[in-house]
Amino acid sequence: MEKRYRLYDNLISWSLFLIAALTYFLSMQSSVSWWDCGEFISTTYKLEVPHAPGNPTFQLIGRIFTLFAFGDATKVALMVNAMSALCSAFTILFLFKTITLLAKKIILRNKNDMTSGNMLAIFGAGIIGSLVYTFSDTFWFSAVEGEVYAMSSFFTAVVFWVMLKWEEEADKPYAMRWIILNAFLIGLAIGVHLLNLLTIPALAYIYYYRKFELRSWKGWLMTGIISVALIGIILWIIIPWTVEWAGYFDLFFVNSIGLPFNYGAFIFFILLGGVLLFGIIYSEKRKKVLLNTIILSVTFLLIGYSSFFSIVVRANETLPINMNEPSDPMGMVSYLNRDQYISQPLVYGQYYSTPGLDYENGKQQYYKKAVEDPNTGKKKYEYVASGFKNGTVIYPSEGCTLFPRMWSNEAHHVSEYKAWGGEPQQRKTYQTLDGKRESFHTPTFGQNLKFFFNYHVGHMYLRYFMWNFSGRQNNVEGHGEISNGNWITGFDFIDGPRVGVQSDLPPSLQNDANNRYYLLPLILGLIGIFFALNKNLSVTWIVFLLFFMTGLAIVIYLNQTPLQPRERDYAYAGSFYAFAIWIGFSVLAIYNYLRNKINEKLAATLVTVVLLSAPILMLAQNWDDHDRSDNFGAHDYGINYLNSCPPNAILFTVGDNDTYPLWYAQEVEGIRSDVRVINYGLSAGTWYANMAMHKINDSEKLPFTLSIDDYQKGVNDYIYLYNSSEMTVSLKDGIDFVRDKKNQRTLSDGTRLSWLPTNNFYIPVNKEELLNSGLTSLEELELVEDTITIQIKGRSVLKNGLLFLDILSTNNWKRPICFTSPLTIRELTDLSPYIHLTGFAYQLLPFKAEGYIPGYGGIRIDTAYEFFTNKYMNGAFEKPHVSLDRESYRQTDMTKQHLYRLAQALIAKNDLERAKKVLIKMFECFPNDKITYLPGDQFILAFIEYCFQVKADALALEIAHTYLENAKQEISYFNRQTQSVQQSYKNTISKNVSNLSMLGHLMKDYGHPSFEADIISFLKML
C-alpha cells in the first residue's frame, strides 16, 4: 500500500503542477507589468542593482531564464514571467504534498489504517486545497508577472514541505540533512524576499512535536520564544552584522593600516569561514550532534545568503540602474537595512499629533573616496565620514503609547486616522526643552486600537482574505468607501446592505474583477479548521502559526499608514496558502462523516468530485481579470513616454509607474536609450547623481556644475534659502554660490551648511544655441523670451531639487528637458507656463505654452498631434479579449485627458479636420465596452460637444445615447438599493443628475431638443 501511495502521490502532484503551469502560461503577462516588474526584469536581464534590500537569488535565476529568449529582447520579460509561472506551479506541487503529509497525520492513527478509502480521501484533500489555491485571486496575480512574490511563495512551500520530510525521517540516520537543507533554502530565500523567515515558528513546532513525546506548557512556550528569537537573530544579527562587521574591518584596514579597498572585508570573511570550519570539526570530533547541526545550518544559511555578493560586485560597475550603489561593505549595510526608507514605530512610539522635542542623529555614515597620499603622491581609496543616517525625533512621553498604530503626522494620513478612529479625545500637557508647558490633543488608546482593528486588521488583511475565499467587488483601490475594493459573497441579501446588490450591476459599475465564490472556499476552510482541531491539535497549531505569521503578524509589523498607493494583498499570500491547507482538510471532514454511512471509496470519490465545484467556480470567475495574455499596457505606455521626447532628452519622472516601464524599454529592448530618465524622488540619493555624471547607454553624461562630492550622503541634504523679493540672480550664479565652500555658514554645533541668498532666479536664453540644438523652430523663435524666472518655494531646497536646478542651470538649453507630469517639481517651483505637452511627456521651453492651464502647463500642438496619430501605442486594450487592469485604466484616463487637451487646442485654432481625427482616435482606442462612458465623467460631455463642433454629428449622437443609457441604468440601480447604500452614493447620484441636465442643454443647443426632452422625462421619474 505504501508503494502504491507514493506512486499516486507523485502522479497526482505532477498532474496538479501541469494544470497550474498550463493555467499560468496561458494567462501570464505578455510583456512587462506595472510597479516593480519593470525594475526587476531590467536588473535581472543585465544583473544590475535593484532597490533595497535587493533580490539577488531572483536575479541570478531569472538571468538564466532570460537566456531562453535566444537574443530576442522583446521576449525577455515573457521569460521572466514564465519563471514566476513555473515557481507558482511548483508551489502548487509542494502544497499538494504538504496537505497529504498533514492529512495522513490527521486521519491515520497508524500505518495500518491506510485503506483505499483513506488514501483517496487524503489525495482528495490535496487536490481540492491545491486547486483552490491555484485559482485564488492573490496567488494567481503574482504567478503571471516578473515579481519576487511567486518565487517567495515557492520557497515558503518548499521549506515547509522539507521540514515535514524531516519529520517523516527523523529517526533515520542523516535525517538532519533536511534541516541543513532548509537552512540553505532560507538563506537563498533571503535573496528573494524576507517573507520566508516567517515560516520559522511553524518549522520549530514541527521539530518540537516530533522530538518531544513528553510535552509541557514550558516546552511549548520555550519553542515559541526560541523560534521568534531565531527570526530576530537572522533578521537583525546575521543579515546585517555579517556585512556590518565586514565594513568595520574594511574601515580599519583601509583607514588605519592603509590596505587597498575591500581587503578588510576579505580578511573578515576568511576569519568567519575559519571559525565556522573549526566549529564543524570540533563538534564532529566531540560527537556533539546538536551543535554540529546548528553550526552547519548557520554555515549553509550564510552560503545561501552569499548571493548578495553579486550585488556588491555589480554595484562597482557603472550601471544604468545602480540603486543605492552598495559597492562596499559600508554601503551594503545601509542597503540591507533600507536606510533610505522611513521607519515606523512598532512597540512604543508617538501619536500623529505628538509634537517633537528634539532630534538625535543616527549612526555616522561613510563613503569611499579617492584621496592623495601626501607622502607618496599616489591616490588610494579611503573611507570618509559624511554626516549621519536616519536620525530619531524625540517625543514627550505624554504623547507616546505602547503599540502605536496612528503615528504619521502627514496631513493626508492624519485625516484618515480621524476618519477610521475618530477625532482625538485626549488633551495632554508636556514640558518643552526650555521649561515651558504646552498642550496638544491626542487619540485615546481605545481609538488607537479601533484604528488597528478597523484599518489594519479589517481593511488591510481580512478584506484581502475575503477576496480570495468569498469574492471581490472590483479591482479599484479601496480606501474604505463602499464602491471600491470590497469583498463580496455573491448573495444579494448579504452584499446588498453592505455594498449594493451585485447581481444586476449597471455597465458603469461592471468590472472584470467582480468575482463571486458564494462563500464556498471560506466555508470549506472553516470546516477543515474545526475538523483538524478535533482530530490533531499539533497539526492545527502548526498550520495556524504559518497562517498567522504570514498574515496578521505582517500587518502588525508593517504598521502601515492609510492611503496606500496600491493594494497590498500580495504580501499575505503565505497566509492564504495556509488557509488552503485547511480547505483541503474539509475533504477529510466530510469524508469522515460519510464513510460511516456509505462505502469508504465511494465517499472519498464523491466528496472530492462534489468539492471540485469550488476551484472550478473560482477558475470561471477569475479567468477574465487574471488573463493577461496580450496585455501590453505597461510596455506600450513606457514607450509612449520615451517617444514623446525629442532626441537626447532629459526626462524627469516622479513615480514607479512612469519610471520602471521606461527603464525596461531602454535596458531590455533598447528603445530610445538616448533619453536620460531621472526619477525626481530617487535623485535625492548620492548614487543617482553618480549615475547622472556618467554616460549611460546612448545618453551622454548630464550637465553639472557641482561635483559628486557635493551630492554625498550628509552633504547638501538641505540648501537653506534667504527669501528675498528684492534680489534676483542668475541660477548659474546661485549654483556657483553653493559650490564655493567659502559661502557656507557654521552652526553652533560646528556643522557647515550651504545656503542661497535669495529664492528668486532667472535663466538667460541663448536663442542661437536654442535654434542650433533644434529645441525651437524659426517660427517659434520670435516667441522665445530673453530670460525665464524661477521662484523657489519654501525655506530650503532638498538634494533632488538641487540636482534639478544644477542640471537646469548648467544645461543652457542644449538638451531638451522633459517631464512625465508638470507636477513633478511642484514642491520646488512652478514652471508650468513654460511646460508644453508633446504627447505623453511635457517639454520645458523658454516661451509661453498654448492652451495653458495653471499648474498643468500648455500644449505644443503639432508635436502632440504627430505623436498621437503616428507614434501612440495603446497596449492592445481595444481588443475585446484583453482585460483592462486597474493601473492601465488609470493610464488610459490620463491619455483621454491628453487627447481632450489636444482636441480643445485644435478647435481653438479652428483646425477642425485634425481635431476630428483626434476625437475619432480617442473613441477607437477607448470604446464604451472597454472604458465605460461613466455618467460622472465630464470629459465625455466635452468630447460630445467637440464632436458637434468638428461636424462629427453622428459620432456625437452615438456617444450621447450611450452616455445617457449608462446614466439611466446607474441611477436606476442606485434607486433600487437600500437607504444606506443610496446615502453612500449620494454625491455620485447628484453629480449624475447634474451631468444629465448639462447633456440635455448641450443637445438642445446643437439641434436635438427631443434628446433633452427624453432626459427631462427621465429625471422627473426619479
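Buried means under 20% relative accessible area, exposed over 50%, and partly exposed in between (1.4 Å probe, protein chains only). The legends below describe a predicted model, in which local features need pLDDT of at least 70, side-chain atom pairs count only at pLDDT 80 or more, and totals for chains, interfaces and linings use all residues. Residues are numbered from 1 along each chain as its sequence is written, and side-chain values use heavy atoms, with hydrogens and water left out.

**View 1. Asn759 in a loop between two strands.** Asn759 is buried, with a relative accessible area of 8%. The residue sits in the loop between strand 17 (755-756) and strand 18 (760-764). Strands (E, at least two residues) and helices (H or I, at least four) are DSSP runs, numbered from the N terminus. Asp733 is 26 residues away from Asn759 along the chain, and their C-alpha atoms are separated by 12 Å.

**View 2. The largest nonpolar core.** A nonpolar core is a set of buried Ala, Val, Leu, Ile, Met, Phe, Trp, Tyr and Cys residues joined through side-chain atoms within 4.5 Å. The largest one has 293 residues, and those with the most contacts inside it are Phe160, Phe652, Phe804, Ile944 and Leu999. Helix 4 (residues 76-107) gives the most to this core, with 21 residues. A second, separate core has nine residues, among them Ile482, Ile488, Tyr973 and Tyr985.

**View 3. Surroundings of Phe652.** Contact means heavy atoms within 4.5 Å. With neighbours within four places in sequence left aside, Phe652 is in contact with Ile678, Tyr680, Leu803, Phe804, Ile807, Ile817, Cys818, Phe819, Thr820 and Thr824.

**View 4. Phe269 on helix 11.** Phe269 lies in helix 11 (residues 263-285). This phenylalanine is partly exposed, with a relative accessible area of 28%. Leaving out neighbours within four places in sequence, Phe269 is in contact with Thr242, Ala246 and Phe309. Thr820 is 551 residues from Phe269 in sequence and 45 Å from it in space, C-alpha to C-alpha.

View 5. Trp35 is placed in the loop between helix 1 (2-27) and helix 2. Its phi is positive, about 60°, although Trp35 is not a glycine. Trp35 is buried, with a relative accessible area of 17%. Pro53 lies in the loop between helix 2 (37-45) and helix 3 (56-66). The peptide bond from Ala52 to Pro53 is cis, with omega near 5°.

**View 6. Asn910 in a loop between helices.** Asn910 is found in the loop between helix 32 (886-908) and helix 33 (912-925). Phi of Asn910 is near 60°, a positive value in a residue other than glycine. Asn910 is exposed, with a relative accessible area of 60%.

**Overview for the close-ups.** The protein has 38 helices and 25 strands. Buried residues make up 58% of its 1022 residues. Among contacts between residues at least 6 apart in sequence, 74% join residues at least 24 apart. Along its principal axes the C-alpha trace spans about 95 × 95 × 70 Å.
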